[in-house]
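Hello,

Here is the structure you asked for. My notes follow below it.

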Amino acid sequence: MRLFAALLFLLGAAGIAAAAIAPSAPAFLVIAHRGASGVLPEHTLEAYRRAIDQGADFVEPDLVPTRDGHLVARHERQLGRTTDVSLRPEFAARRVVKPGAAAPDWYVEDFTLAEIKTLRARQPEPGRPDRYDDRFGIATFEDILVLVRERSVALDRPVGVWAELKHPALFAGMGLDVTAPLLRGFARHGFGTRQRPAVIQSFDADVLRQLNDRTSIPLIVLLSEPASSLDDVAGFAAGIGAAKHLLIDPVSGRATPFLRRAQALGLKVVPWTFRDDAPGQGFASAEAEMQAYLKLGVDGVITDFPDTAIALRPLH
């Protein structure tokens, strides 16, 4: 079942139901990291829409729960950097210091969905356009599914949702389940097919291992350091989302043994994150950096600038 799901994932993500419909698949998947977050405030419907219209195969929302159990798209639990919450006097008392934090902030789990909906998004990265600050709202998982479905129909091509579960064990300890609303949302909107591909990723391998028994949607284990056992990962996941330094030798430019082992096990490999305004050390541009990884046979790229990645496809 997992191998079939991985095949379905590739076919669906490429926008191909069968070879008779389209002669070839894109050479690699383009996954829009938090939408087109290089130019618009991250995790807004506007950023997701821009990415889809640029040609992204997937949009990648990070999902966290509100106090009343709704999934919203935020990269982190804290709201201070990415929203206008600091300007909202009605929420001043919500600014607190929580375990593990060095400074006080506002936390998504302390807000209801109705309250979150009143906030406006901001560009958190210095040097990126801030002219859209305070103009767009925070996207819910439901909002994203509706948008992706509608744009897929309008553009007449499959577009997928590459959802990341943030801190699922931590939230479970607060009594907030993130897995059930995730699966319900995908099922309600018909995601997990060739026409509406879906992927679930997380740094929490245990949660993904549990999900393996509950869904056929492909699972991706996120790694910032080498996994202790890729063989174990291959038993329940379709692939890995790997920090770039795990995959390429900085001196030779060749594939690391870690990458070759993952590929030998049949795991799909997608590195993160490519940024036009911050190419990796030793690379003159994000284009050159992506080309180096693509030559090693990775299956896609996670990028803040999906249009840059799309422009490379004719070269492959």
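A polar contact here is a pair of N or O atoms within 3.5 Å; within protein, one must be able to donate a hydrogen and the other to accept it, and residues adjacent in sequence count only if both atoms are side-chain atoms. The model is predicted: local features need pLDDT of at least 70, side-chain atom pairs count only at pLDDT 80 or more, and totals for chains, interfaces and linings use all residues. Residues are numbered from 1 along each chain as its sequence is written, and side-chain values use heavy atoms, with hydrogens and water left out.

T179 and its surroundings

The side chains of T179 and R214 are joined by a polar contact of 3.2 Å. T179 belongs to helix α6, residues 179-188. Helices (H or I, at least four residues) and strands (E, at least two) are DSSP runs, numbered from the N terminus. Is T179 buried or exposed? T179 is buried, at a relative accessible area of 9%. Buried means under 20% relative accessible area, exposed over 50%, and partly exposed in between (1.4 Å probe, protein chains only). Leaving aside residues up to four places away in sequence, T179 touches L165, V207, L211 and R214. Contact means heavy atoms within 4.5 Å.

Strand β5

L165 is also part of β5, residues 160-165. Six of the six residues of β5 are buried, so the strand is largely enclosed by the rest of the structure. G160, W162 and E164 point one way; V161, A163 and L165 point the other.

Which strands pair with β5? Two strands pair if DSSP finds at least two bridges between them.

- β2 (residues 58-60) runs parallel to β5, with two bridges. F58 stands opposite G160.
- β3 (residues 62-65) is also parallel to β5, with two bridges. D62 has E164 as its bridge partner.
- β6 (residues 198-202) is parallel to β5 too, with four bridges. A198 in β6 stands opposite V161.

Helix α9

In α9, residues 257-264, the buried residues are F258, L259 and A262. Seen down the helix axis, they fall within an arc of 100 degrees, so they line one face of α9. That arc is taken over the directions from the helix axis to the C-beta atoms. The buried residues pack against β7 (219-223), α8 (230-234), β8 (239-243) and β9 (268-272). P257 and A264 are exposed, on the face turned away from the buried side of α9. Just after α9, G266 takes a positive phi of about 85 degrees.

Best wishes
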